[in-house]
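Thanks for coming. I have one structure today, and I will go from the whole chain down to a single residue.

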Amino acid sequence: MKKDFSAFTHNQLVIKEDEAVLLLANRFSWWDGFMLFQLNKKVFKKEFHALVTTDDYKQLNYLKYFGCFAPESKGKDVLETLIYAGTLLDDPKNLVLIFPQGKIKSSHVDSIAFEKGVMQLINASKKKFQTVFSVILTDYFNNRKPKAKAYLASWQAEEYISLQLLKSEYNKHYDTAVLKQTQKAS
């Protein structure tokens, strides 16, 4: 990363050792998964698992070495994969990374869309994990190479969580991250 970025930073966050982590992140490039893998080594210190698209998993064979997994086909296999991801959250040593929007989108979008599979994953778990929101933003500022910053926030879920609530709370964090990033440029 040092070859392609002038810096990769993040804010501090307290992580509970006795709970797994569900990491919800924006999907802006092929770099984001790698960045979050590196961030796991520094901040979360958990066994890294990432749910990726079937296309990405087939095209990028090395993903399996980074703890990535994907459904083999559509339909029933997708549901089984989401259930598997949910059960990973029952073990405190695990981190499960999900890109709720699914596909790569610009980091300049107004909000992050959420696919409904996120709730199937959550409901497949015992719901005894911590939820962390991550927004990675990049800018050049006065550098030849871009700087990347991960804006992290813990979110305490309510007992009954809906996709709309989760999406709304994540997008509040996304908006805050964009605001902080743009204030740096001023």
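What share of the contacts in the chain with a separation of 6 or more comes from residues 24 or more positions apart? The figure is 72%, where contact means heavy atoms within 4.5 Å.

Before going on, the ground rules. This is a predicted model, in which local features need pLDDT of at least 70 and side-chain atom pairs count only at pLDDT 80 or more, while totals for chains, interfaces and linings use all residues. Residues are numbered from 1 along each chain as its sequence is written, and side-chain values use heavy atoms, with hydrogens and water left out.

Now the chain as a whole. Five helices and seven strands make up its secondary structure; helices (H or I, at least four residues) and strands (E, at least two) are DSSP runs, numbered from the N terminus. In sequence order the pattern reads β-β-α-β-α-β-α-β-α-β-β-α.

On size, the C-alpha atoms fill a box of roughly 50 × 35 × 30 Å along the principal axes. The radius of gyration is 16 Å, which agrees with the value near 16 Å for a compact globule of 186 residues. That radius is taken over C-alpha atoms, and the globule rule is 2.2 Å times the number of residues to the power 0.38. Of the 186 residues, 47% count as buried, meaning under 20% relative accessible area, with exposed over 50% and partly exposed in between (1.4 Å probe, protein chains only).

Next, strand β7, residues 147-155. Why call it largely enclosed by the rest of the structure? Because seven of its nine residues are buried. Which strands does β7 pair with, given that pairing needs at least two DSSP bridges between two strands? One of them is β1 (residues 7-10), parallel to β7 over four bridges, with Thr9 opposite Lys149. Another is β6 (residues 129-139), antiparallel to β7 over nine bridges, and here Thr138 stands opposite Ala148.

Two of those residues come up again at my last stop, Gln181. Gln181 sits in helix α5, which spans residues 163-185. Is Gln181 buried or exposed? It counts as buried, because its relative accessibility is 4%. What does Gln181 touch, leaving aside neighbours within four places in sequence? Its contacts are Leu137, Thr138, Asp139, Phe141, Lys149 and Tyr151.

That is where I will stop.

Conventions
Pairing = 2+ DSSP bridges.
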